[in-house]
Amino acid sequence: MAIPQLRAFGPSIKDHADPTFNLYFPLLAAQVDAGAFLEPTEHRYGPLERHAYDVYLPPGDKDGKGKLKTIVFVHGGGMVQGDKQIPESKGGAHRNIGTFFANRGFLVIIPNYRLRYPNPAHPLYSTPNNAQFPSGGTDIALLLRHISSPACHVSPRISPSQLTIIGNSAGACHVATYLYRDAVPNFEESMAPLVTDPTNQPGKEELTPSGAMLIGMPAHFRLAGPERAPVTYGYHCPELFGKSGVKDEGMRKVVEERCPIGLRKVSGDRTRVGVMLAELDPEPEIAGPSREFSKLHEQVTGMQVQEVYVKGHNHISVPLGLGLGGEEEVWGDQLIEWIEGK
């Protein structure tokens with residue numbers, strides 16, 4: 001059991017990230033070696049390198065017919081890393097997510113999305129593969145367009161009224177960008193060059209989530225230090241970052257407008273939303289901003305946000321605990337209860 005060791009790592013993400021990865025990755029790799037996790041099938045939803053997704057079907061799904069409750073899980077990674085199957089864990093992260101929910105009757109889709117490459121020397125820096133706002137949201141839109149079309153082999157299995165999207169950390173920010181895209185003036189325009197690909201042509205009806213759970217979401221970036229500027233500014237306002245005469249104050253204003261809280265203020269979206277916080281989530285970076293988001297959501301929509309509290313975990317460990325048994329994966333059952341309205 002890894003949870004008892006987490007408190008010693010401290011609440012700061014900077015302090016606890018590497019020790020937590022080093023603790024959980026071998027445990028997940030061992031589960032892979034033991035054959036404990038399902039083997040997904042991989043597919044593509046768009047033309048770029050990161051436009052790929054894994055599909056997990058319930059093991060008991062023999063006839064391949066009928067509608068299934070569906071989860072789309074969008075991984076985290078600080079906008080600069082992460083994968084649907086992290087190599088350092090032998091793919092155990094996030095095969096553990098797909099397996100946990102598929103074993104409970106869900107069809108599970110886990111996509112990759114574009115990452116931010118902050119170093120100008122990176123070969124993908126000046127290409128469409130380098131994430132910049134609102135690409136996290138448009139990649140999700142492309143995925144949902146794809147899985148609603150005949151190009152997706154599991155499209156007939158997805159129940160539109162039972163489609164839940166889950167975002168973890170940076171992935172939650174991207175889910176918020178997608179949900180509140182009516183507050184992003186160039187959203188459709190930025191997606192247009194990618195929808196010519198045959199894999200993401202719109203179907204008769206484009207799927208929209210019936211609910212969204214935002215796990216450990218950094219709902220604003222007001223406390224981001226200068227060391228994060230190439231990512232925070234480079235992603236949210238690349239049209240300003242590094243330009244002569246542009247002041248930090250101006251970029252912070254744009255980031256505030258484009259962060260989940262800023263978008264929620266303007267958007268008219270009324271999708272059912274939940275917020276999940278770990279016991280050891282840092283207050284200034286994650287817990288406080290998430291609660292501020294919840295309060296704002298209720299003010300804007302009149303709809304209460306259910307907050308799910310995950311005992312014992314820190315910011316990094318939540319998605320890594322599924323598949324390890326016991327208290328590690330209690331949050332998975334809590335999430336299913338939220339999906340089912342219990």
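Student: What sits over the ring of W338?
Tutor: The charged end of R272 does, 4.0 Å from the ring centre. For a charge to sit over a ring, NZ of Lys or CZ of Arg has to be within 6 Å of the ring centre and within 35 degrees of the ring normal. R104 is placed that way too, with its charged end 3.6 Å from the centre of the F100 ring.

Student: Before I go on, what should I know about the model and the numbering?
Tutor: The model is predicted, so local features need pLDDT of at least 70 and side-chain atom pairs count only at pLDDT 80 or more, while totals for chains, interfaces and linings use all residues. Residues are numbered from 1 along each chain as its sequence is written, and side-chain values use heavy atoms, with hydrogens and water left out.

Student: OK, rings. How many aromatic pairs are there?
Tutor: Eight. Rings of Phe, Tyr and Trp (its six-membered ring) pair if their centres lie within 6.5 Å; planes under 30 degrees apart are stacked, over 60 edge-to-face, and the rest tilted. F101 and F106 make an edge-to-face pair, because their planes are at 85° with the centres 6.2 Å apart. Both F101 and F106 are buried, where buried means under 20% relative accessible area, exposed over 50%, and partly exposed in between (1.4 Å probe, protein chains only).

Student: Which residues do ring pairs link into a cluster?
Tutor: F100, F101, F106 and W331.

Student: And what about Y180 and F293, how are those rings arranged?
Tutor: Their planes are at 40° and the centres 6.4 Å apart, so that pair is tilted. Y180 is in the loop between α5 (170–179) and α6 (187–191) and F293 is in helix α10 (residues 283–301), so the pair ties together parts 113 residues apart in sequence. Helices (H or I, at least four residues) and strands (E, at least two) are DSSP runs, numbered from the N terminus. Y180 and F293 are both buried.

Student: Last one, the backbone. Where are the cis peptide bonds?
Tutor: One joins A93 and H94, with omega about 25°, and H94 is in helix α3 (residues 92–102). Another joins F133 and P134, with omega about 5°.

Student: What about phi at K90?
Tutor: Positive, about 60°, although K90 is not a glycine. K90 is in the loop between β3 (68–74) and α3, and is partly exposed at 47%. S169 has a positive phi as well, near 55°, but S169 is buried, at 11%.
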